Protein chains: 2
Amino acid sequence: MRISELARRAGVSVATTKYYLREGLLPGGAATARNQASYDEGHLHRLRLIRALREVGGLDIRAIRAVIQAIEDEGLSRHELFGVAQWALDDRTGGDSENVPADVARARREVDAFITELGWDVDSEAPARHALADALVALWRLGRAGGAEHFRPYAAAADAMASWEVPAIPADEPRGLAVERLIVGTVIYEAAFVALRRLAHEHQSARQAAPTRAP
Amino acid sequence: MRISELARRAGVSVATTKYYLREGLLPGGAATARNQASYDEGHLHRLRLIRALREVGGLDIRAIRAVIQAIEDEGLSRHELFGVAQWALDDRTGGDSENVPADVARARREVDAFITELGWDVDSEAPARHALADALVALWRLGRAGGAEHFRPYAAAADAMASWEVPAIPADEPRGLAVERLIVGTVIYEAAFVALRRLAHEHQSARQAAPTRAP
């Protein structure tokens with residue numbers, strides 16, 4: 001197909017498609033004539049993936065590039081790809097540990113101890129550790145006492161969810177497809193769960209409020 | 001306390017604090033002398049809340065204003081505040097229904113039918129419905145077949161979570177504190193759960209990978 005059809009079917013503009021081509025996120029098409037190239041279903045799939053990562057996942061170009069490079073890097077194991085995906089989705093790092101505020105440093109130690117106590121096997125520099133520590137610091141700065149045990153019921157729910165999500169990616173699935181499923185599963189189902197949790201809050205609040213509204 | 005101490009204790013700059021004062025997000029202090037005002041623990045709590053909503057929740061000034069107005073509006077019931085919080089956290093609306101792409105319109109119908117089938121009592125215009133429809137459209141545009149039933153296990157997990165989260169706000173708690181707890185619970189624990197789910201993915205992936213790494 002021509003670039004105009006490719007763009008239309010993926011739901012992006014031709015200008016945006018050309019931008020991804022220039023950035024190397026989308027491989028070039030097969031040359032069919034001077035200044036013309038033909039694109040296939042593989043290009044369409046890639047373009048839809050980029051769009052989903054941008055619009056659903058909120059990833060910037062740099063993060064999208066990291067994900068695509070991981071998809072193309074056959075030397076990475078499936079497990080290593082989880083790490084790449086995490087780093088692409090959230091590039092926060094520990095930063096310069098000399099300049100970390102005291103409460104942030106304390107929250108990181110609390111989170112690390114909590115993860116250890118849970119028995120979870122995760123990288124000591126996983127960005128999500130810092131994200132969790134940031135959430136704990138936010139609680140403290142609002143005057144909440146206590147430590148990472150605030151998160152215990154959420155950790156149990158997250159582990160239960162991950163225990164059926166991770167095996168849902170078939171071990172024998174083609175590598176590119178498996179990685180895409182992993183990214184999509186992380187990004188899109190995360191957005192879906194957040195939306196569902198907010199709807200469930202409203203539902204449970206309505207259930208609580210109902211008795212006082214009844215005659 | 002003076003504005004300099006207020007800002008320091010909340011972890012924001014004096015310039016940012018003055019900006020919130022000008023914007024009316026933070027009430028003025030008690031005048032103690034010409035060009036000087038005194039602030040109390042209430043100001044500190046409010047400033048920490050604004051900071052958490054901005055930095056943890058990613059809310060813009062307009063959304064923060066809506067949340068604070070809801071906190072101050074004694075005429076709203078607790079249940080109505082859930083709605084205000086949802087709208088502040090996500091202001092996406094159905095938009096001009098004439099111009100909605102066909103797949104988005106179909107996804108919204110699917111999501112509405114799904115919510116009805118779940119028996120959830122939520123507003124027909126709740127922003128999270130649109131967020132969930134957007135997630136479904138993203139799946140379709142990546143070539144996934146099927147409808148909102150993709151979300152069924154996530155809906156069950158969300159409802160289970162909300163069923164202990166919502167009653168955790170004591171019914172007799174002072175109104176301002178209850179609302180703050182609701183917002184913080186939605187925003188900060190959402191961030192915490194997202195982080196924990198990513199850590200749990202890594203842990204579950206490591207468990208799957210472990211047998212092949214062992215000798």
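Okay, let's start with how the two chains relate. If you rotate chain A by 180 degrees, with 0.0 Å of shift along the axis, you superpose it on chain B, and the RMSD is 0.0 Å. So the two copies are related as by a two-fold rotation axis. The same surface is used by both copies, too: 100% of the contact residues of chain A recur in chain B. And before I go on, please keep in mind that this is a predicted model.

Which residue of chain A comes closest to that rotation axis? That's A157(A), with its C-alpha at 3.7 Å.

First, a quick look at chain A as a whole. There are 9 helices and 2 strands in it. Chain A has 215 residues, and 49% of them are buried. As for contacts in chain A between residues at least 6 apart in sequence, 60% join residues at least 24 apart.

Now back to where the chains meet. Helix α8 of chain A, residues 152-165, packs against helix α8 of chain B, also residues 152-165. Their axes are 12 Å apart, and the angle is about 170 degrees. Anything over 145 counts as roughly antiparallel, so that's what we call α8(A) and α8(B).

Go to E190(B), in helix α9 of chain B, which covers residues 175-213. Is E190(B) buried or exposed? Its relative accessibility is 14%, so it counts as buried, the cut-off being under 20%. What does its side chain make a polar contact with? The side chain of R198(A), at 2.9 Å. Setting aside neighbours within four places in sequence, E190(B) is in contact with V194(A), R197(A) and R198(A) from chain A, plus G185(B) from chain B.

Helix α5, residues 78-89, has 12 residues and reaches 17 Å from first C-alpha to last, close to the 16 Å expected. Its buried residues are H79(B), L81(B), F82(B), A85(B), Q86(B), A88(B) and L89(B).

Take A85(B) from that list. A85(B) has a relative accessible area of 3%, so it is buried. Leaving out residues up to four places away in sequence, A85(B) touches L182(B) and I183(B). Its C-alpha is also 8.0 Å from that of A66(B), which is 19 residues away along the chain.

Last one: helix α3 of chain B, residues 41-55. With 15 residues at 1.5 Å a residue, α3 should span 21 Å, and its end C-alpha atoms are 21 Å apart, so the two agree. At the start of α3(B), a side-chain oxygen of D40(B) reaches to within 2.9 Å of the backbone nitrogen of G42(B). And the buried residues of α3(B) include H43(B), R46(B) and R51(B), along with L44(B), L47(B) and I50(B).

Methods. Residues numbered from 1 in each chain as written. Chains lettered and ligands numbered in written order. Predicted model: local features only at pLDDT ≥ 70, side-chain atom pairs only at ≥ 80, totals over all residues. Heavy atoms only, no water. Helix = DSSP H or I, 4+ residues; strand = E, 2+ residues; numbered from the N terminus. Buried < 20%, exposed > 50% of the residue type's maximum accessible area, 1.4 Å probe, protein only. Polar contact = N/O pair within 3.5 Å; in protein donor to acceptor, adjacent residues only side chain to side chain. Contact = heavy atoms within 4.5 Å. Expected span 1.5 Å × (residues − 1). Least-squares fit on C-alpha atoms with pLDDT ≥ 70 in both. Axes fitted to C-alpha atoms, helices over the stretch in contact; angles between N-to-C directions. Parallel < 35°, antiparallel > 145°, perpendicular 65-115°, else oblique.
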